[in-house]
Amino acid sequence: MEKLVNCLWFDHGEARKAAEFYAATFPDSHVGKTTKAPADFPGGKEGVELTVEFTVLNRPFIGLNGGPEFKPNESVSFQVMTEDQEETDRYWNAIVSSGGSAKESACGWCRDRWGFAWQITPRQLTEGMRDRDPSTAKRVMEAMMKMEKIDVAKVEAAYRSEEANA
């Protein structure tokens, strides 16, 4: 049994739908055990699906069908590190095209249809922002700040700008 598992709150009946979407979208992901409510609870009846265990990219989660009282916000997000533009596009497009949104997002952030925030982050962006040369890191960050979905070619161009002048 895992010592630490993130529990995500969903509206009634949405936890399984989300778990199935995540399992179909990301590798090393699957839907696991479910728990039915053994008794009535605030907003729910005995016998309804209360929780769904699932993994995303080998990370364990529990989806709780808790009802409409609580909504996700950007104070917690899921950052998925990608290797290239193809992988970035695949995850971003899957999230946004399945009822999610890129509206009002920037810097690689998007929302899934359940309201959870995702940061689809190419490795090149992280490496560029961690560069030892502050001017290189600044150029990469400034390029990122103009993007919704991260464009790897533009990140790499911002990174190389300084190297061309060296």
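Here is a short briefing on the aromatic residues and the overall build of this protein.

The model is predicted, so local features need pLDDT of at least 70, side-chain atom pairs count only at pLDDT 80 or more, and totals for chains, interfaces and linings use all residues. Residues are numbered from 1 along each chain as its sequence is written, and side-chain values use heavy atoms, with hydrogens and water left out.

**Aromatic pairs**
- A search of the whole structure finds 13 aromatic pairs (ring centres of Phe, Tyr or Trp, the last by its six-membered ring, within 6.5 Å).
- One of them is Phe26 with Trp118, stacked at 5.1 Å centre to centre and 15° between the planes (stacked means planes under 30 degrees apart).
- This pair links distant parts of the chain, 92 residues apart: Phe26 sits in the loop between α1 (15–25) and β2 (30–36), and Trp118 in strand β7 (residues 117–122).
- Phe26 counts as buried at 3% relative accessibility, and Trp118 is buried at 2% (buried means under 20% relative accessible area, with a 1.4 Å probe and protein chains only).
- Phe54 and Phe61 are also stacked, with centres 5.5 Å apart and planes at 15°; both residues are buried.
- One aromatic cluster includes Phe26, Trp118, Phe54 and Phe61, among others.

**Overall build**
- The protein has five helices and seven strands (DSSP runs: helices H or I of at least four residues, strands E of at least two, numbered from the N terminus).
- Buried residues make up 40% of its 166 residues.
- Along its principal axes, the C-alpha trace spans about 70 × 30 × 25 Å.

Conventions:
Rings of Phe, Tyr and Trp (its six-membered ring) pair if their centres lie within 6.5 Å; planes under 30 degrees apart count as stacked, over 60 as edge-to-face and the rest as tilted. Buried means under 20% relative accessible area, exposed over 50%, partly exposed in between (1.4 Å probe, protein chains only).
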